Amino acid sequence: MKAFFFKFLGWVGVLVFLLFGILYYAITYSVVLFFVTVAGMLVCAPPSRRWIIERTGLNLYGRAMGIAFVVLFIAQAWVGISENVDVLLARDARQERDKVQALAKARADEHARFLAAKPAILADIAARRDRGALSEALALIDKHAARTPDPDLDKLRVSIDVIDTEAGLKDEEGIPLRQRLALYKRLATLDPSTARYAARVAALDAELKETGAREQAETGRASAASGREAMLARQFDQRSGAHLKLQAEIKRVMINPASYEHVETTFLDTGRGMSLRSTIRSKNAAGEMAENIIAATVDDSGNVLTITD
């Protein structure tokens with residue numbers, strides 16, 4: 001019974017080597033795999049194993065037989081899997097190469113068809129451009145350039161961009177200076193051969209710099225004037241409008257300072273101070289309220305320089 005069991009296992013081993021050998025060999029067609037598979041089947045098959053034992057004296061029973069089976073099975077799997085991977089990688093590389101070649105051929109064919117039809121295509125685009133259908137012309141350029149880039153298509157695109165940019169300068173005087181300069185810079189970039197564009201860029205750039213300097217100077221003057229106005233305004237009483245130092249000087253020389261009433265003060269900025277005209281009311285020597293006009297000059301700090309009644 002034991003002998004029958006081991007014989008049965010031997011034939012099972014033959015079947016295992018045969019099935020895996022066919023599976024691996026179907027893809028790789030490897031000679032090494034073929035010999036490893038045959039060796040495994042010979043070791044497992046009872047008749048051939050017995051013949052090997054008789055001829056070589058090797059111990060291929062029990063545990064030794066199990067070790068031989070495992071070693072040969074691992075060898076078959078290693079050879080089969082490694083060579084299968086190599087075959088699959090080579091096939092993928094070949095397929096990728098075929099795709100690249102097919103794409104290159106398709107592009108070459110597309111380019112050849114474009115070259116054959118190029119004169120008619122360029123004429124159609126130019127005709128659309130010349131009659132003002134710029135968007136249609138650009139659409140045709142984009143359509144053909146996406147398939148086969150061509151310098152003549154790029155030249156047509158530039159000419160359309162020039163026309164479109166020049167259209168934005170139709171009412172040039174009504175366009176802000178900076179925007180005009182930007183448009184002419186774009187034209188000079190698109191068409192460097194046209195000297196007029198470069199000349200307009202230089203002229204507008206100089207005008208912009210001059211305008212900027214003038215605006216900066218005006219801003220400086222306005223800032224200085226604003227600062228002077230604030231300095232002069234601090235010399236007056238914010239509620240009554242009286243000039244503070246002039247009011248103090250008037251009260252100092254009055255007969256009855258307690259009767260002082262401020263009516264109005266006007267001033268003129270002389271650049272080195274102010275000329276003041278102050279209207280006041282106060283009691284005279286007879287004790288009656290009378291109105292007087294006092295003229296005075298003060299320096300930038302508000303100090304009274306002259307005063308006349």
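Analyst: Start with the hairpin of E1 and E2. It has 3 residues between the strands, and Gly 271 takes a positive phi near 90 degrees there. This is a predicted model: local features need pLDDT of at least 70, side-chain atom pairs count only at pLDDT 80 or more, and totals for chains, interfaces and linings use all residues. Residues are numbered from 1 along each chain as its sequence is written, and side-chain values use heavy atoms, with hydrogens and water left out.

User: What do the strand names mean, and in which sense do E1 and E2 pair?

Analyst: Helices (H or I, at least four residues) and strands (E, at least two) are DSSP runs, numbered from the N terminus. Two strands pair if DSSP finds at least two bridges between them. Strand E1 (residues 261-269) and strand E2 (residues 273-283) pair in the antiparallel sense over 8 bridges. Opposite Phe 267 stands Leu 276 in E2.

User: How many bridges join E2 and E3?

Analyst: The antiparallel pairing of E2 with strand E3 (residues 289-299) runs over 11 bridges. Arg 277 has Ala 295 in E3 as its bridge partner. The E2 and E3 hairpin has 5 residues between the strands, and Gly 287 in its turn has a positive phi of about 85 degrees.

User: Is Gln 247 buried or exposed?

Analyst: Buried means under 20% relative accessible area, exposed over 50%, and partly exposed in between (1.4 Å probe, protein chains only). Gln 247 counts as buried because its relative accessibility is 17%. It is found in helix H9 (residues 244-253). By contrast, Lys 185 counts as partly exposed, at 42%. Lys 185 is found in helix H7 (residues 177-190).

User: Which residues is Gln 247 in contact with?

Analyst: Contact means heavy atoms within 4.5 Å. Leaving aside neighbours within four places in sequence, Gln 247 is in contact with Ala 242, Tyr 260 and His 262.

User: What is the way to find empty space?

Analyst: Rolling a probe the size of a water molecule over the atoms shows where empty space is left. On a 1 Å grid over the protein atoms alone, a pocket is an open set of points where a 1.4 Å probe fits, with protein on both sides within 12 Å along at least five of seven lines; lining residues have an atom within 4 Å of a point. Grid points are joined across faces, edges and corners, and a volume is the space filled by probe spheres set on the points. Here, the second largest pocket holds about 240 Å³. Of its 15 lining residues, the closest to its centre are Met 254, Ile 280, Asn 292, Ile 294 and Asp 309.
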